[in-house]
Each structure stands twice: as structure tokens, then as C-alpha cells.
Amino acid sequence: MISITVTALVFGVIFLAELPDKTALAGLVLGTRYRASYVFAGVAAAFLLHVVLAVAAGSVLTLLPQQIVHALTGVLFLGGAAVLLLKKGDGEEEIKKPADQSFWKVAGTGFMLILVAEFGDLTQIMTANLAARYDDPISVGLGAVLGLWAVAGLGIVGGKALMRRVPLRLITQIAALLMLGLGVWSLYEAVAG
């Protein structure tokens with residue numbers, strides 16, 4: 001059974017954490033050079049693979065005693081909040097342009113870019129934490145993949161317009177605040193439990 005509450009919470013946290021990340025910029029750059037649907041297909045496949053790996057790792061954590069899981073996820077969430085608050089803006093990265101514009105070349109470029117750039121990224125670690133925290137791999141996985149796909153879609157189709165209307169710093173601060181709240185709550189449960 002899918003929990004709408006867990007899915008929505010995970011979606012919001014992952015969406016906000018990924019917005020200021022290099023993925024939105026990469027999607028924007030790829031989307032201006034290639035057919036958007038081809039780019040999205042590759043990017044979406046890479047994110048799906050990342051979420052499956054993160055949820056699997058988080059599910060393994062649920063085998064530990066609950067107090068240890070709450071303490072570990074609390075510390076990791078607080079660390080994630082610190083990373084977001086202390087992070088400096090990334091410069092534009094050069095993206096290698098495939099020789100032709102075929103579906104497989106463009107989707108493959110998007111897939112490889114995200115696969116490499118996002119491996120061990122903050123949102124992948126957060127997804128593992130959330131999977132451990134809620135012990136609901138389907139809801140967490142669904143929320144995370146939808147959040148990542150939404151950011152990728154926004155980046156591909158209209159990242160520049162969004163960033164002109166909403167300051168990137170504000171998005172980062174909201175994501176950090178959410179992670180800070182989750183971290184404090186997890187630590188409280190570890191101590192109170």
C-alpha cells in the first residue's frame with residue numbers, strides 16, 4: 001500500500017533539495033541543445049536507477065534497531081542541511097555534445113551525465129535516509145523519483161524562467177530547513193524511543 005503522506009513528504013524534500021543542484025542546470029543545457037523528450041528519457045532512466053539503489057540501501061538500514069536508525073538518519077539529515085547551507089553556487093559544466101541527434105545518442109548522453117553526476121549525491125543519500133526512516137520503500141521510491149523527474153523536467157523545459165522568479169538561495173534555504181527539521185525529529189525519536 002502506498003502512503004500518500006510519505007510520498008508527498010519525500011517528493012517535497014527531494015524536489016527542493018535537487019532544485020539548486022547541478023541537475024537542473026544540466027537539464028537546461030541539454031534541453032536547449034536537443035529534443036526535450038529524448039533528454040528526459042535518458043535523465044529519467046538514470047534517476048530511476050539511482051532511486052532504486054538508494055531505497056535498497058535505506059531498506060537495509062531498517063534491519064538495525066530503531067533507535068540506531070533514527071540517530072543515524074538524524075545525523076545524516078543534519079549533515080545534509082549543513083551541506084545545503086554551506087554550498088557555493090556551481091559553475092556551468094561543459095556537457096559533451098553527441099555527434100548526432102538520434103534518440104539513443106541524446107538519451108544516452110543524458111543518462112550517462114546524470115548517472116555519473118548524481119552518484120552519491122545529497123539527494124541519493126537523503127532518499128536512502130528517508131527509506132530507512134519510514135520503512136516504506138515503495139512510497140519513498142515513488143516520491144523520490146517523482147521529485148527528481150519534476151526537477152529534471154523543469155530544468156529541461158523551463159529552468160531559466162523558474163530561477164528568474166524564485167531565488168535559488170531561497171529554495172536552498174527551504175530545503176535545508178526541511179532537512180534540519182527531519183534531522184531534529186529523528187534525533188528526538190532516537191533519544192525518546
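Reader: Is Glu189 buried, partly exposed or exposed?

Author: In this predicted model, Glu189 has a relative accessibility of 22% and therefore counts as partly exposed. The cut-off for buried is under 20%.

Reader: With what does Glu189 form a salt bridge?

Author: The partner is Arg133, and the closest N and O atoms of the pair are 2.9 Å apart.

Reader: How many salt bridges does a search of the whole structure find?

Author: The search finds 1 salt bridge.

Reader: Let us step back. How many helices and strands does the protein chain have?

Author: There are 8 helices and 0 strands. Read from the N terminus, the order of elements is α-α-α-α-α-α-α-α.

Reader: What percentage of the residues count as buried?

Author: The protein chain has 193 residues, and 45% of them count as buried.

Reader: Among contacts between residues at least 6 apart in sequence, what share joins residues at least 24 apart?

Author: That share is 93% for the protein chain.

Reader: Turning to helix packing, at what angle do α1 and α6 pack?

Author: Helix α1, residues 4-18, packs against helix α6, residues 122-134, at about 160°, and the two axes are 10 Å apart. Angles over 145 degrees count as roughly antiparallel, which means that α1 is roughly antiparallel to α6. The crossing of these two helices is right-handed.

Reader: Which residues of α1 and α6 meet?

Author: On the α1 side they are Val6, Leu9, Val10, Val13, Ile14, Ala17 and Glu18, and they meet Thr123, Met126, Thr127, Leu130 and Tyr134 of α6. Sorted by class, this contact has 9 nonpolar, 2 polar and 1 charged residues.

Reader: You mentioned Val13. How far apart are the C-alpha atoms of Val13 and Ile174?

Author: Their C-alpha atoms are separated by 9.1 Å, while the two residues are 161 residues apart along the chain. Ile174 lies in helix α8, which covers residues 168-192. With a relative accessible area of 38%, Ile174 is partly exposed.

Reader: Now the other pair. How do α3 and α5 pack?

Author: Helix α3 (residues 36-61) and helix α5 (residues 103-117) pack at about 35°, with axes 7 Å apart. Their crossing is right-handed.

Reader: Which residues make that contact?

Author: From α3 come Tyr38, Val39, Ala41, Gly42, Val43, Ala45, Ala46, Phe47, Leu49 and His50, and from α5 come Phe103, Val106, Ala107, Gly110, Phe111, Ile114 and Leu115. By class, the contact of α3 with α5 has 14 nonpolar, 3 polar and no charged residues.

Reader: One last residue. Where is Thr109 found, and is Thr109 buried or exposed?

Author: Thr109 is in helix α5. Its relative accessible area is 18%, so Thr109 counts as buried.

Reader: What separates Thr109 from Val43?

Author: Thr109 and Val43 are 66 residues apart in sequence, and their C-alpha atoms are 8.6 Å apart in space.

Methods. Residues numbered from 1 in each chain as written. Predicted model: local features only at pLDDT ≥ 70, side-chain atom pairs only at ≥ 80, totals over all residues. Heavy atoms only, no water. Axes fitted to C-alpha atoms, helices over the stretch in contact; angles between N-to-C directions. Helix = DSSP H or I, 4+ residues; strand = E, 2+ residues; numbered from the N terminus. Parallel < 35°, antiparallel > 145°, perpendicular 65-115°, else oblique. Left-handed = near helix turned anticlockwise from the far one by under 90°. Contact = heavy atoms within 4.5 Å. Nonpolar A, V, L, I, M, F, W, Y, C, P; charged D, E, K, R; others polar. Buried < 20%, exposed > 50% of the residue type's maximum accessible area, 1.4 Å probe, protein only. Salt bridge = Lys/Arg side-chain N within 4 Å of Asp/Glu carboxyl O.
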